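Reader: I am new to this structure and would like a close look at a single part of it. Could you walk me through that part slowly?

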Amino acid sequence: MYPILILGAGKIGASIAKLLHHSGDYQVTVGDRDETALARLKKVLPLHTLTLDVSSMSQLRDALAGQRAVLSACSFDVNPTIAEAALQAGVSYFDLTEDVETTRRIRALAQEARDGQIFMPQCGLAPGFIGILGHELTKRFDRLDSVKMRVGALPQYPHNHLKYNLTWSTDGLINEYCNPCDAIVGGRKIDVLALEGLENFALDGLEYEAFNTSGGLGTLCETLDGRINELNYKTVRYPGHQYLMDFLINGLKMGSQIERRKQLKEIMENALPVTRQDVVLVYCAAAGWKDGFYMQETDARKIYHQDIYGEHWSSIQLTTSAGATAVIDLHRTGQLPNRGFVRQEQVDLGKFLNNRFGRYYDTDSEHAEKVKV
């Protein structure tokens, strides 16, 4: 049994714990300061739980004793402390962050990793699986021109003004709507503004919009820098969402300061219900030259909410936890680099989809479906 500590017993942390536990190969411990969340999880799974404060280095050191890996499902701002504790304990580190600065700090820590110890932030869906898929498409060309990556976690039955329901971390959502976004334009790596770059498109008979958001590219800008003319990531929503969020964040300046962002979080969590009836849309298009011809390759897939181990899971819950557990499993079985910082695009797509957790993204399985483009 492979001992692993999951920090954060919320929706995603609990889902990751469940997937790993049911595989039969992991000895899972879940830590959180919220005793109610731990008790709720322990009702359905015979797991070891710990009540701890993740901002306390001494408590983290104690919790990491005897573990081989730790995954943080906590807010991005506490991840550097958790990664520092992991470095000292000699265990591998994974997280779900979309925050660019957090990833930069974790990469610096990874330079001191021991043999067999890796630091792999940005696991899950976007960043995460979309980077693995996008990088796979780039391998199919002799010379690259562009890669466009689009991901949306959308309510299946939208009915409010924003045509959106809260399906994951509200802090993470506001963070990606406010912070600068990496992109490559005209062969140059630049920052672009979140909520800009609005475009409209149709897939499978439905209308969508997409716009710049922060963090979805992960480290792909660095990986493809100097090899590509255009690279961008945009979040997919139903038409009209970007206009209203732009009004709130930029028009009313609710994204300008941390305190204002907290107010926006309170407004959204009081106005937008959570739903488990959602769908994740993943779309990636790459263009370039192959055998002398200018060609395009496109991959589009949807993953709907579904029953997993006798419970109903939202699609964002499933895709995020499947993306994270798949790379943990690939690390455990020696299918990733063995030391230091590991980028999502270093994961082979075929190995990911063949993995028992990554299969939830496989359009040849009953869990995901291809989309007509």
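In which helix does Thr319 lie, and what can you tell me about that residue?

Author: Happy to! This is a predicted model, in which local features need pLDDT of at least 70 and side-chain atom pairs count only at pLDDT 80 or more, while totals for chains, interfaces and linings use all residues. Residues are numbered from 1 along each chain as its sequence is written, and side-chain values use heavy atoms, with hydrogens and water left out.

Thr319 lies in helix H11, residues 315-332. Helices here are DSSP runs of H or I with at least four residues, strands are runs of E with at least two, and both are numbered from the N terminus. With a relative accessible area of 2%, Thr319 is buried; that word means under 20% relative accessible area, whereas exposed means over 50% and partly exposed is in between, using a 1.4 Å probe and protein chains only.

What surrounds Thr319? Beyond its neighbours within four places in sequence, Thr319 is in contact with Gly124, Leu125, Val280, Ile303 and Tyr361, where contact means heavy atoms within 4.5 Å. A polar atom of the Thr319 side chain also lies 3.4 Å from the backbone oxygen of Ile316.

Another threonine is worth a visit. Thr363 sits in the loop between helix H12 (349-354) and strand E18 (369-370). Thr363 is buried too, with a relative accessible area of 18%. Not counting residues up to four places away in sequence, Thr363 touches Arg301, Ala368, Glu369 and Lys370.

Now to the cysteines. A search of the whole structure finds zero disulfides, a disulfide being a pair of cysteine sulfur atoms within 2.5 Å. Cys123 is in no disulfide, and the nearest cysteine sulfur, that of Cys74, is 14 Å away. Cys123 counts as buried, at 2% relative accessibility. Cys284 is buried as well, with a relative accessible area of 0%. The closest cysteine sulfur to that of Cys284 is in Cys221, and because the distance is 13 Å, they are too far apart for a bond.

Conventions:
A polar contact is a pair of N or O atoms within 3.5 Å; within protein, one must be able to donate a hydrogen and the other to accept it, and residues adjacent in sequence count only if both atoms are side-chain atoms.
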